[in-house]
Amino acid sequence: MSILKEKRILLGVTGSIAAYKAADLASKLTQAGSRVDVILTRAAEQFISPLTFQSLTGRKAYTDSELWGGESHILHVGLGHAAELFIIAPCTANTMAKLAQGQANDLLSITALAAQCPILLAPAMDVGMYEHPATQENARVLQERDVHFAGPAEGRMASGLLGRGRMLEPAEVLGHARRVLGKKGKLAGKKILISAGGTREAIDPVRFITNRSSGKQGYALAQAALDAGAEVILVSAPTALIPPVGAKRVSVQSAEEMLNAVLRESDEVDAIIMAAAVADFRPAQVAERKLKKRDGIPQIQLEAAPDILKRLASQKSSASRPRVVVGFAAESRDLLANASEKLKSKKLDLIVANDISAKDAGFDVDENRVILLTPDGKKEKLSLRSKIEVAEIILARLGDLLEK
Ligand code: C5P
């Protein structure tokens, strides 16, 4: 969560029933280490109290009463200049209209005019209001001015009607906020393909062989790459995880499908990180119909699955091959020897070696203990830490390799 750490975020809350979601957003931002200042409009105060936000953020929440004789001399300028990101969530049709016109008649709209940071809006309005030509025109004007939008989503409205205008869930708004904050990161302008999860190799239409990979390390890498400003393609075998906001997810099942997706998507990619646990073996025959118990215990003959990194390595000289290729080595013995061998045979620029015999790290848990190896013989040992931190370090090293 380092991109949100110690960030000065201004959260504007306007008068929509979705204001309750803003409380969760304020809480999530605070938990991620951001310093969150909240401004409520008068209509927002009808739905939710400043005390709610003060309790969640540990900081004062501002209302229009501060505008008239508050302790700070020029409050809006102070708030607007200090912020690194101004999120307005929920943002009503009325506030969108005011922002589009540059109106400044309450603390929130004055501060938006004074703000020198990026602005992110999470619109919330009932059926028909978002589609209304007036609102659409305001949205266009704001987008032209580089105001960012998170949503709105389609779904059930407070009126009971279905349509477009629901405020995005706080976790999604948070994802958009990360994207905006990461825009000028070290990997801005770079395109990175990341594979994640454990592939499934079919035995018959209902059964498959897979492994213990949860996809957590791969998804953490995707988030870290987005935080650093990269465009991310996430080629993912089935996992229980939600892809980070902004990543293009390509869903696959088998090693064969993953190979095809990687080859198809790797055009003009700067780097590939193969964090997926790709099957080494697969059933040589896939039964067309479900195998029946009454037919006895089947003998399943295995064959080699395609090795994606080896295929990429064979394109080493071709111009279409990504500049930096990172692999993983999950080993239960002879960690360094096996990882070094893979680094060479798969022609990698970096390999992340992890000892999966340890119970507290590796497959399916939230933490990892890895060693990074490069072809020049350098070893970087990382003690046990979260997969998110591991991902951030790998991305930092990848950034260095891309700069070379
Ligand atoms: O399975 P192995 O330990 O060889 O995996 C090492 C690296 O190779 C990993 O980065 C993995 O994603 C990749 N791999 C692959 N194709 C396979 C098996 C593994 O690209 N069939």
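**Between the domains and around the ligand**

Tutor: Gladly! In this predicted model, the side chains of Asp227 and Arg178 meet in a salt bridge, at 2.6 Å from N to O.

Student: Why is the pair Asp227 and Arg178 called a salt bridge?

Tutor: The N to O distance is 2.6 Å, and the cut-off between an Arg side-chain nitrogen and an Asp carboxyl oxygen is 4 Å. The pair is within that limit, so the name applies.

Student: Which domains does the chain have, and how many salt bridges are counted between them?

Tutor: The chain is divided into domain 1 (8–181) and domain 2 (191–403). The count between domain 1 and domain 2 is one salt bridge. By class, the side of domain 1 that touches domain 2 has three charged residues, two polar ones and no nonpolar ones.

Student: How much area is buried between domain 1 and domain 2, and which residues of domain 1 lose the most?

Tutor: About 520 Å² is buried there, with carbon and sulfur atoms giving 51%. On the domain 1 side, Gly175, Arg178 and Arg179 lose the most area to domain 2, together 83% of what that side buries. In terms of contacts, five residues of domain 1 touch six residues of domain 2. The domain centres, taken over C-alpha atoms, are 39 Å apart.

Student: What about Ala279 and Asp280?

Tutor: A polar backbone atom of Ala279 is 3.3 Å from a ligand nitrogen, and an N or O atom in the Asp280 side chain is 3.2 Å from a ligand oxygen. Taken alone the ligand exposes 450 Å², and the protein buries 91% of that.

Technical notes: Residues numbered from 1 in each chain as written. Predicted model: local features only at pLDDT ≥ 70, side-chain atom pairs only at ≥ 80, totals over all residues. Heavy atoms only, no water. Domains from an automatic or database assignment. Contact = heavy atoms within 4.5 Å. Buried area = accessible area lost by both parts, 1.4 Å probe. Nonpolar A, V, L, I, M, F, W, Y, C, P; charged D, E, K, R; others polar. Polar contact = N/O pair within 3.5 Å; in protein donor to acceptor, adjacent residues only side chain to side chain. Areas by Shrake-Rupley, 256 points an atom, 1.4 Å probe, with all protein chains shown as cover.
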